[in-house]
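Let's take a friendly walk through this protein together. Have a look at the picture first, and then we will follow the chain step by step.

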Amino acid sequence: MSNLFLTKGKYMKLKHLLAAGLISASMINLNAEDKIDIHYSGYLDAYIAVENDMKPQADDAIDFSRGLTYINPKKNQLGLNMALFNISATYKNLRANFGLQHGDLVKSAYETPAVTNSPMLQQANVGINVFDKVWLDAGYFLTHIGGEALLPKDNWLSSHSLVTYYEPFYQAGLRASYEGEKLTAQLHILNGNGIIEENNHNKTFGLFLGYKILDNLSLSYANVMGNEEAGTPNHGKTHVLHNICTQYDVSESFSIKAQLDLATKEKVMIQNKEEDASYMGVSAQMKYKFIENLSATFRFAMIDNKDGLYPSALEGNAMTLGVEYKPSASSYIRLEGSMYNMKDDYKVFYDADGKPTNSKMELMLNCGIYLD
């Protein structure tokens, strides 16, 4: 994953550009019949998480980090997942979206050993309505892959499934889209899968097709295809990820959704041999609403990444049960518990005695509020 970090100089330039843009927008708004529609939104999500994974550490060291998660990445402390401020604007056949973010989720999802600065920008893109329902957008986007979004507010559960753990959250490039009432179609030309800045001489291509079969039944297919290896094309390895998602609202109280991920990659080192690697991930969720502001969700997810197509070769499953109470339409309190069970070959957790084990349990509490 790459990084977009605003230095003080870049921040000042951006600040001046935004100021100039707002002034220009105001002038246009005053002198044109077509008004600029500007929409502001904000979001906060706070958490506390505990688990029985007791990773050994030195007597004078304290390590709060948790494994196999981007959401609620610190244990035994109060934390802030996300603080987000977003501005979107439309004017005639133009539109723009700009979001600033901060929090533990940003650090865990964006930072890598090579990139140590959290990005301030979550999204920054502009678009033009070419004709009818066809748009052309360019810039930084959240990913088109997956059945779960980056932000807890957009999901049934705060935590991500094991399948989502291996999916990208963000991307940079060009998007052409058709946005109909039932059909949504997108074609993406990207710098790469889950990166912002280009790392080679190739581009990655993506497709999204979403169709509303019935008022209560939807189906989507998405993919990314390209060389993700850093360096010259001579060292290229084609990576393909397929993602299929569906959601069925059985009734006003009961809904189910599921997703399937299938991926392949050329010439991966498997047991000291260079072979093509494969990956599979499956996730299914059920949500039941007891009353208008109280619901429960159960999720089961399993992954087969034993070939190590993605970093952290693993094979196993996880189950999550969560209860959500909504004090208002734009806020939530969620209590969730998860149990992870990896195959015996993958003892990536530690028990109370500091011995490797293949399972762990976690409990988390999230509180969020959003203004749209």
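Our first stop is K92, which sits in the loop between strand 2 (78–91) and strand 3. Keep in mind that you are looking at a predicted model. What is the phi of K92 near? It is near 55°, a positive value in a residue other than glycine. Is K92 buried or exposed? With a relative accessible area of 56%, K92 is exposed, because the cut-off for that word is over 50%.

Strand 3 (residues 94–102) and strand 4 (residues 121–131) run antiparallel and are joined by seven bridges. Strand 4 is also joined to strand 5 (residues 134–142), again antiparallel and by seven bridges.

Next, follow the chain from strand 4 into strand 5. The two form a hairpin with two residues between the strands, and here D132 takes a positive phi near 45°.

Our last stop is further along the chain. Where does S312 lie? Look in the loop between strand 13 (294–304) and strand 14 (315–325). S312 is a residue other than glycine with a positive phi, near 75°. At 42% relative accessibility, S312 counts as partly exposed, because this value falls between the cut-offs of 20% and 50%.

Methods:
Residues are numbered from 1 along each chain as its sequence is written. This is a predicted model: local features need pLDDT of at least 70, side-chain atom pairs count only at pLDDT 80 or more; totals for chains, interfaces and linings use all residues. Side-chain values use heavy atoms; hydrogens and water are left out. Two strands pair if DSSP finds at least two bridges between them. Helices (H or I, at least four residues) and strands (E, at least two) are DSSP runs, numbered from the N terminus. Buried means under 20% relative accessible area, exposed over 50%, partly exposed in between (1.4 Å probe, protein chains only).
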